[in-house]
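Hi everyone, thanks for coming.

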Amino acid sequence: MAMLMQSEMENVGKTLSGWQAQIRLVAGIGVIVLCLWILGISDIFVQFGRAARVASWLVLLGLAGLAGWVVNRALSRTWTVLGVAATVEKAFPQLDNHLINYIQFGAATDGDVFKKAYVKHGVPEWRQVDVGQMRNRKAHLIANVALAVALVLLAAPAALTGRTWVVSLWRILNPFSNTPPVSLTTIVKVEPGDAELLQGNPVDLVCTVNGRKGHQVWLDVKPADNDRTTYTLGRITGAD
């Protein structure tokens with residue numbers, strides 16, 4: 001009987017570790033998602049270069065590694081039988097130390113008659129205990145709500161910016177790609193617009209743009225008799 005109780009305590013210890021690991025996993029994912037949201041928003045307005053994108057990716061990778069470490073630490077926690085029994089006794093005061101005494105007396109080898117009688121009587125109160133009540137429902141709820149909020153934040157910009165947000169996230173998650181940012185800056189007017197010119201003659205183009213300071217501006221020119229060419233005009237230096 002005592003050996004069976006020790007086995008049950010070991011299973012309870014694994015259950016407690018599993019619950020703690022769940023909280024840490026959900027919280028870790030929430031932090032990673034929130035960090036990705038912050039980096040994605042930053043990329044839209046700042047337009048990260050390759051170095052900044054790699055640094056952002058390393059931050060996310062580091063957070064993922066940290067989350068994996070804390071989850072694994074919770075799962076690999078070694079519970080002693082008496083440690084689990086003490087935790088259970090604290091959660092269910094009605095056990096009144098009977099559980100700990102039962103385990104200790106069951107492991108005794110001195111042949112004490114009182115201890116043998118105590119073990120023979122068992123711990124009938126244990127059968128009335130619902131271990132599920134030991135789960136920290138408040139902590140689980142907070143972690144789940146936090147993750148849900150982070151996921152909503154991550155999805156919300158897509159409704160406002162569409163492809164811009166998807167490209168921004170892709171640039172953060174795959175910093176080694178050559179995907180250019182989808183700028184919030186737009187070219188309002190190009191002068192002289194559609195015009196006929198003598199082949200080989202120079203032409204001055206005047207562009208009016210609407211965007212944020214620091215954003216890069218490119219202009220695609222497609223002559224009727226040649227291929228399209230993209231010109232880098234530089235970064236916006238004035239106000240919006």
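This is a predicted model: local features need pLDDT of at least 70, side-chain atom pairs count only at pLDDT 80 or more; totals for chains, interfaces and linings use all residues.

Okay, let's begin with Trp 165. Where does Trp 165 sit? You'll find Trp 165 in helix α7, which covers residues 163-173. Now, is Trp 165 buried or exposed? Its relative accessible area is 2%, and buried means under 20%, so Trp 165 is buried.

Who are the neighbours, then? Leaving aside residues up to four places away in sequence, Trp 165 touches Trp 37, Gly 40, Ile 41, Ile 44, Leu 154, Pro 157 and Ala 158. Let me pick two from that list. One is Ile 44: along the chain, Ile 44 and Trp 165 are 121 residues apart, yet their C-alpha atoms are separated by 7.5 Å. The other is Leu 154, whose backbone oxygen is reached by the side chain of Trp 165 at 2.7 Å.

Next up is Val 152. This residue belongs to helix α6, residues 137-161. Val 152 has 55% relative accessibility, and the cut-off for exposed is over 50%, so Val 152 counts as exposed.

How much space lies in the largest pocket? About 860 Å³. There are 25 residues lining the largest pocket, and the closest to its centre are Leu 197, Val 203, Val 221, Lys 222 and Pro 223. Two elements give two or more residues to that lining, namely β3 (216-221) and β4 (229-235). Of these, β4 provides the largest share, with three residues. Sorted by class, the lining of the largest pocket has 14 nonpolar, six polar and five charged residues.

And the second largest pocket? That one holds about 280 Å³ of space. Its lining is made of 16 residues, and nearest the centre lie Leu 16, Trp 19, Gln 20, Trp 79 and Met 134. Here the elements giving two or more residues are helices: α1 (2-46), α2 (50-75) and α3 (81-91). Which element gives the largest share of the lining of the second largest pocket? That's α1, with six residues. By class, we get seven nonpolar, five polar and four charged residues in this lining.

Notes. Residues are numbered from 1 along each chain as its sequence is written. Side-chain values use heavy atoms; hydrogens and water are left out. Helices (H or I, at least four residues) and strands (E, at least two) are DSSP runs, numbered from the N terminus. Buried means under 20% relative accessible area, exposed over 50%, partly exposed in between (1.4 Å probe, protein chains only). Contact means heavy atoms within 4.5 Å. A polar contact is a pair of N or O atoms within 3.5 Å; within protein, one must be able to donate a hydrogen and the other to accept it, and residues adjacent in sequence count only if both atoms are side-chain atoms. On a 1 Å grid over the protein atoms alone, a cavity is a set of points where a 1.4 Å probe fits but cannot get out, and a pocket is an open set with protein on both sides within 12 Å along at least five of seven lines; lining residues have an atom within 4 Å of a point. Grid points are joined across faces, edges and corners, and a volume is the space filled by probe spheres set on the points. Ala, Val, Leu, Ile, Met, Phe, Trp, Tyr, Cys and Pro count as nonpolar, Asp, Glu, Lys and Arg as charged, and the others, Gly among them, as polar.
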